[in-house]
Amino acid sequence: MENLLKRKKISETPFRKEVLAIFSKYNNAIPLSVIEDELPEYNRITLYRTIKIFKEKGIIHEIALSGNESNYALCQDNCDTETHHHQHIHFKCKNCNKIFCVEMDKFPTIKLPHYKIEQLEIQATGLCENCNI
Ligand SMILES: [Zn+2]
Ligand SMILES: [Zn+2]
Ligand SMILES: [Zn+2]
């Protein structure tokens, strides 16, 4: 995790490392409020800036599902400063409201010739393995 910041050419600050460590603790996407709860102390502006730079550098991505506050999850290695390359969908559990990134074997191809698709959001809802009992 630590050299992730170096690899993405972001200067390492104790705070950035702290925020990154929180992301790696969860296997689901988390909203800002969870990050805030995990931080012993923080400055809101610094936190927003950190989230922004993580997003821009391809460390995390934002998931804005309708009816939810924005959630954030770690990216795969192939995301970079310019673009996010995700081959996954987002699953939302309707019981615990957690959002998970789910890899797909085969990502659908969209048949829209001459269109430039900049963002594709596929979401699934249901019950996660903890709630589906
Ligand atoms: Zn990404
Ligand atoms: Zn659940
Ligand atoms: Zn995701």
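Residues are numbered from 1 along each chain as its sequence is written, and chains are lettered from A and ligands numbered from 1 in the order in which they are written. Because the model is predicted, local features need pLDDT of at least 70 and side-chain atom pairs count only at pLDDT 80 or more, while totals for chains, interfaces and linings use all residues.

Me: What makes up the secondary structure of the chain, and in which order do the elements run?
Reply: The chain has four helices and six strands. Helices (H or I, at least four residues) and strands (E, at least two) are DSSP runs, numbered from the N terminus. From that terminus the order is α-α-β-α-α-β-β-β-β-β.

Me: How do you know whether the radius of gyration agrees with that of a compact globule?
Reply: The radius is taken over C-alpha atoms, and the globule rule is 2.2 Å times the number of residues to the power 0.38. For 133 residues a compact globule would have a radius near 14 Å; the chain has 16 Å, which agrees. The C-alpha trace spans about 45 × 40 × 25 Å along its principal axes.

Me: What share of the contacts in the chain with a separation of 6 or more comes from residues 24 or more positions apart?
Reply: Such residues account for 51% of those contacts. Two residues are in contact if their C-beta atoms, placed from the backbone, lie within 7 Å.

Me: Why is His-114 called exposed?
Reply: A residue is buried if 20 or more other C-beta atoms lie within 10 Å of its own, exposed if 12 or fewer, and partly exposed in between, with C-beta atoms placed from the backbone. His-114 has 4 other C-beta atoms within 10 Å and is therefore exposed. This residue lies in the loop between S5 and S6, and has a positive phi of about 70° although it is not a glycine. Over the whole chain, buried residues make up 16% of the 133 residues.

Me: Why does Asn-97 count as partly exposed?
Reply: Asn-97 has 15 C-beta neighbours inside 10 Å, so it counts as partly exposed. Its place is in the loop between S4 and S5. Asn-97 is not a glycine, yet has a positive phi of about 65°.

Me: Why does Cys-101 count as partly exposed, and which residues does Cys-101 touch?
Reply: Cys-101 has 19 C-beta neighbours inside 10 Å, so the term is partly exposed. The residue belongs to strand S5. Not counting residues up to four places away in sequence, Cys-101 touches Ala-29, Ala-73, His-88 and His-90. Glu-38, by contrast, is 63 residues apart from Cys-101 along the chain, and their C-alpha atoms are separated by 21 Å.

Me: What puts the buried residues of H2 on the same side?
Reply: These residues are Val-19, Leu-20 and Phe-23. They cover an arc of only 100° around the axis, which puts them on the same side of H2; the arc is that of the directions from the helix axis to the C-beta atoms. On the other side, Pro-14, Ala-21, Ser-24 and Lys-25 are exposed.
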